[in-house]
Amino acid sequence: MGVTQHGRTHRLDLADPTLREWTCTVLHSDAEQGVVLDRSAFYPGGGGQPPDHGVLLWQGVQTRIVGTRKGDDPYLIPAEGDPLPPVGTEVVGAVEDERRTRLMRTHSGLHVLCGVVFRDFGALVTGGNMEPGEARMDFNLPEVPPDFKSRIEELVNAEVAADRSVATRVLPRTEALALPDIIRTQSNLIPPDEQEVRIVDIVGLDVQADGGTHVASTAQIGKVQVVKVESKGRANRRVRVRLVD
């Protein structure tokens, strides 16, 4: 498995996160396992970012895609009862735009949050999860000031308004791991057999290994609200955020 190749499937989603429609060929088709494509812009899920939804269009028929099951190949999960395109069929894939775009904004917003908390409080991430437009991130942060919630919201939105560029690149593993503070989680989550590492750089704020989809600049995130800060143990703080449209 590589950064742009997952088994037999070429990953279009990482090369161009704005791509929403493309043509491809069915390599595997099974009601239980799912559908494998030779090229796919469906984000398969991972790193806290849920998989995309969308459709496959073929011969006047529609197959709804409601998730992905990862294995040697990314298996697209069809909606129950929908017809399946046979192996060898040329299909048009289409990602649900609103869901993907909100997930990209949410994911980039979490990176801004992570960058601010690391820069200003020195805290590493211990966990996180997101849905379109809302998310949580946990930090190893034993002590927080009384105004932590309002300070974090102000600092995050200042970085969003700064319209920082969000750039991605792929580096050899040894080169990537040599970058300072590239791992922002308490444990290194990069698989030991992964020889290439994808880097997401919010220029001037945050650089870390990441495999998700992102917006092109922080201004595209929109306003972020810090909904709640919770204590999850002696040294763990959970920050809940949502996008304000």
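Helices H2 and H3 pack against each other at an angle of about 120°, with 9 Å between their axes. (Helices, H or I of at least four residues, and strands, E of at least two, are DSSP runs numbered from the N terminus; axes are lines fitted to C-alpha atoms, for helices over the stretch in contact, and angles run from 0 to 180 degrees between N-to-C directions.) Keep in mind that this is a predicted model, where local features need pLDDT of at least 70, side-chain atom pairs count only at pLDDT 80 or more, and totals for chains, interfaces and linings use all residues. Residues are numbered from 1 along each chain as its sequence is written, and side-chain values use heavy atoms, with hydrogens and water left out.

**The H2/H3 crossing**

- H2 passes H3 in a right-handed crossing; the call is left-handed if the near helix is turned anticlockwise from the far one by less than a right angle, and right-handed if clockwise.
- On the H2 side, the contact is made by Val-112, Leu-113, Val-116, Val-117, Arg-119, Asp-120 and Phe-121. Contact here means heavy atoms within 4.5 Å.
- H3 brings Phe-148, Arg-151, Ile-152, Leu-155, Val-156 and Glu-159 to that contact.

- Four strands line up as S10-S11-S16-S15 in an open sheet with antiparallel pairing. Two strands pair if DSSP finds at least two bridges between them.
- S10 and S15 are the edge strands, each pairing on one side only.
- Neighbours in this sheet are turned by 15° against each other on average, direction ignored.
- S10 and S11 run antiparallel and are joined by six bridges, and Met-130 stands opposite Ala-135 in S11.
- H2 packs on this sheet and touches S10, S11 and S16, its direction making about 25° with that of S11.
- H3 packs on the sheet too, touching S15 and S16, and its direction makes about 150° with that of S15.

**The nonpolar cores**

- The largest nonpolar core has 30 residues, and those with the most contacts inside it are Leu-113, Phe-139, Ile-152, Val-156 and Val-241. A core is a set of buried Ala, Val, Leu, Ile, Met, Phe, Trp, Tyr and Cys residues joined through side-chain atoms within 4.5 Å. Buried means under 20% relative accessible area, exposed over 50% and partly exposed in between, using a 1.4 Å probe and protein chains only.
- Elements giving two or more residues to this core are H2, S10 (125-131), S11 (134-140), H3, S13 (196-202), S15 (223-231) and S16 (236-244).
- H2 supplies the largest share, eight residues.
- Phe-139 touches a list of residues that includes Leu-113, Val-117, Leu-124, Val-125, Arg-237 and Val-239, leaving out residues up to four places away in sequence.
- A second, separate core of 14 residues includes Trp-22, Leu-37, Leu-76 and Val-91.
- As background, nonpolar side chains in soluble globular proteins tend to be buried together.

**Aromatic pairs**

- There are two aromatic pairs in the structure. Rings of Phe, Tyr and Trp (its six-membered ring) pair if their centres lie within 6.5 Å; planes under 30 degrees apart count as stacked, over 60 as edge-to-face and the rest as tilted.
- Trp-22 and Phe-42 sit edge-to-face, 5.4 Å centre to centre with 75° between the planes. Trp-22 is in strand S3 (residues 21-30) and Phe-42 in the loop between S5 (39-40) and S6 (54-58), so this pair ties together parts that are 20 residues apart in sequence. Both Trp-22 and Phe-42 are buried.
- Phe-121 and Phe-148 are also edge-to-face, at 5.1 Å centre to centre and 80° between the planes. Phe-121 belongs to H2 (residues 97-121) and Phe-148 to H3 (residues 148-161), so the pair ties together parts that are 27 residues apart in sequence.
- Phe-121 counts as partly exposed at 22% relative accessibility, while Phe-148 counts as buried at 2%.

**The three-stranded sheet**

- Three strands make an open sheet in the order S12-S13-S14, with antiparallel pairing.
- Its edge strands are S12 (166-172) and S14 (206-209), each pairing on one side only.
- S12 and S13 pair over seven bridges in the antiparallel sense, and Arg-169 stands opposite Ile-199 in S13.
- H2 lies across S13 and S14, running at about 115° to S14.
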